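Good morning, colleagues. Please have the sequence and the structure open before you while I speak.

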4 protein chains.
Amino acid sequence: MLQAHGTSTRIGAAMQPVMDVEDLEAFLDREFPQIHQDGRIYSVEAVGPGTARMRMRVGPRHIRPGGTLSGPTMMALADIALYVAILAHVGPVALAVTTNLSFNFLRKPEPHDLLAECRLLKLGTRLAVGEVNLLSDGAADPVCHATGTYSIPPRK
Amino acid sequence: MLQAHGTSTRIGAAMQPVMDVEDLEAFLDREFPQIHQDGRIYSVEAVGPGTARMRMRVGPRHIRPGGTLSGPTMMALADIALYVAILAHVGPVALAVTTNLSFNFLRKPEPHDLLAECRLLKLGTRLAVGEVNLLSDGAADPVCHATGTYSIPPRK
Amino acid sequence: MLQAHGTSTRIGAAMQPVMDVEDLEAFLDREFPQIHQDGRIYSVEAVGPGTARMRMRVGPRHIRPGGTLSGPTMMALADIALYVAILAHVGPVALAVTTNLSFNFLRKPEPHDLLAECRLLKLGTRLAVGEVNLLSDGAADPVCHATGTYSIPPRK
Amino acid sequence: MLQAHGTSTRIGAAMQPVMDVEDLEAFLDREFPQIHQDGRIYSVEAVGPGTARMRMRVGPRHIRPGGTLSGPTMMALADIALYVAILAHVGPVALAVTTNLSFNFLRKPEPHDLLAECRLLKLGTRLAVGEVNLLSDGAADPVCHATGTYSIPPRK
């Protein structure tokens, strides 16, 4: 029941990334080469305190009739970007596992690159929670907003 | 990222309750007397393998103009009922904490008793997930559907 | 399926409130007096382009053992605050109806006033979507994050 | 705010499909050929009152190290299956648009065919809501549970 909540080890301004863009790219290449199965479409653009931004280079595979992007294209980027945001703050030792993803689809995406702007809401010892806005490159309003919860395995 | 998931200790047909209706009522009275602050409105009606049903006796406090129930009335019942469903299967030792609740409001509730029919989707060592349909007593279609995730503290 | 999305009439910087704090307070008093059934605990503090902030004055009724707030207290405030944020931008003619609310409970709230900081993600002709961070007064990190979807009735 | 809800035209036992498996397969082939871009992996297996079941034939593209399935594989199937369940009950005239999808990832999927068992929770004139359990073929417990909301365009 809604009673009490676990201790958060790093919160708010105190959230500091421990991996930079190069560290994150190298980690993804080594541990998750399958995200590149359609070419190097995902890249990490920036990390900051409690934040991360990724870009997805859109190709013919992701475009739908009417010149929009498929839903799974957006959902895959949101999951990878939130994972990267957590990884950047927890470090390369832990394997976070997605337990919940909730999407609100807001507008029709353009057939352009898609940006994912993540913000961590909580970074606890067992669970991390973040939100992400997905934006068509060059547009001001998000096409999709998502929140995700990730289970962080016990560290030895 | 979506990779692998923790071990579930009890699943499907193997989910067996370890507390019965009387155990659960006694536990709630002892540990959460505050749920009775508006009278004894909540009661546990049934528990089964992976399931639980609760009833909320509706009073003037919960009724809104137009003869419907307030949203917080429904949300409070969903949270308590999912908590009870987990408790029934985990036993009175652990204090599960709500980490996520997602509601779809489907129909206008009648100003009658509200039933909560819960089903556990996962009962892991660290997280439990369940769904609940809320129904106006005597009606066939749910007024609200919710899913909830609860963090289960480590057992010593 | 994930294909195309309805036209949004007001987006981003173009979202301009059409009711101010006094308008909103007067509207709530007239149309929803039941929110004051435990005293005048809810107040609108600010509205801006695409945003609104509400305060909930916490009383003994909302406090739980251990000096924290009940979950329904948080959920009720989130729903009211998102409703007010939409109302501020749509005007007093329409009756928005909650269709979905999703909560991530992040930290244990303090037994202090609770603030709700809302941001609209979409304000379409049929659906409005917003997010809200709930914060204990004086604290930097949210205790709860929620997203909500509201159905906006056809205007005559 | 949580006040009142729109009229549902078909509810509960009264939900009757108006398209059968062959109708649905033909509609998908004609309108959404892009779902077959990796081969004919999706098939409609059954429709019933308020329900639909789809199967996804899993190939090397969907399998991840450790012999599990990728998250986007599961999310894409859930969205298509809910869309098909709604289509089966609304008929081929309307283009439903996904507005919300919420996923709880429950267990590690096996590298087998994935089944999607859908149930409609509401079929209104403007919004349809459904839930879906995703199961590895041959297993008893769902690997993922999702709920989805779809906006139904006005019919002329």
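I shall go through the fold of one chain, then a contact between two chains, and lastly two individual features.

Please bear in mind throughout that this is a predicted model.

Let me begin with chain A. Its secondary structure comprises two helices and nine strands. In sequence order, these elements give the pattern β-α-β-β-β-β-α-β-β-β-β. Chain A has 156 residues, of which 54% count as buried. Of its contacts with a separation of 6 or more, 68% are between residues 24 or more positions apart.

Within that chain, I would draw your attention to strand S7(A), residues 114–124. Which strands does S7(A) pair with? One of them is strand S3 of chain A, residues 51–56, which pairs with S7(A) in the antiparallel sense over six bridges. In that pairing, Arg55(A) has Leu115(A) as its bridge partner. Another is strand S8 of chain A, residues 127–136, again in the antiparallel sense, over nine bridges. Here Leu114(A) has Ser136(A) as its bridge partner. The link from S7(A) to S8(A) is a hairpin of two residues. As for burial, eight of the eleven residues of S7(A) are buried, so this strand is largely enclosed by the rest of the structure.

I turn now to chains A and D.

The contact itself takes 15 residues from chain A and 15 residues from chain D. On the side of chain A, the elements that give two or more residues are helix H2, residues 71–90, and strand S6, residues 97–105. The largest share, eight residues, comes from S6(A). Classified by type, that side has six nonpolar, seven polar and two charged residues.

Strand pairing also crosses between the chains. S6(A) and strand S6 of chain D, residues 97–105, run antiparallel and are joined by five bridges. Within this arrangement, Asn100(A) stands opposite Asn104(D).

Gly148(D) lies in strand S9 of that chain, residues 144–151. Is Gly148(D) buried or exposed? A residue is called buried when 20 or more other C-beta atoms lie within 10 Å of its own. Gly148(D) has 28 other C-beta atoms within 10 Å, and is therefore buried. Beyond its neighbours within four places in sequence, Gly148(D) is in contact with Asp79(D), Leu82(D), Thr98(D), Asn100(D), Leu101(D) and Gly130(D). By contrast, the C-alpha atoms of Gly148(D) and Gly66(D), 82 residues apart along the chain, are separated by 29 Å.

Finally, I come to helix H2 of chain B, residues 71–90. H2(B) has 20 residues and reaches 29 Å from its first C-alpha to its last, close to the 28 Å expected at 1.5 Å a residue. Of its 20 residues, 20 are buried, so H2(B) is largely enclosed by the rest of the structure. After H2(B) comes Gly91(B), whose phi is positive, near 95°.

That concludes the presentation.

Methods: Residues are numbered from 1 along each chain as its sequence is written. Chains are lettered from A and ligands numbered from 1 in the order in which they are written. This is a predicted model: local features need pLDDT of at least 70, side-chain atom pairs count only at pLDDT 80 or more; totals for chains, interfaces and linings use all residues. Helices (H or I, at least four residues) and strands (E, at least two) are DSSP runs, numbered from the N terminus. A residue is buried if 20 or more other C-beta atoms lie within 10 Å of its own, exposed if 12 or fewer, and partly exposed in between; C-beta atoms are placed from the backbone. Two residues are in contact if their C-beta atoms, placed from the backbone, lie within 7 Å. Ala, Val, Leu, Ile, Met, Phe, Trp, Tyr, Cys and Pro count as nonpolar, Asp, Glu, Lys and Arg as charged, and the others, Gly among them, as polar. Two strands pair if DSSP finds at least two bridges between them. The expected span of a helix is 1.5 Å times one less than its number of residues.
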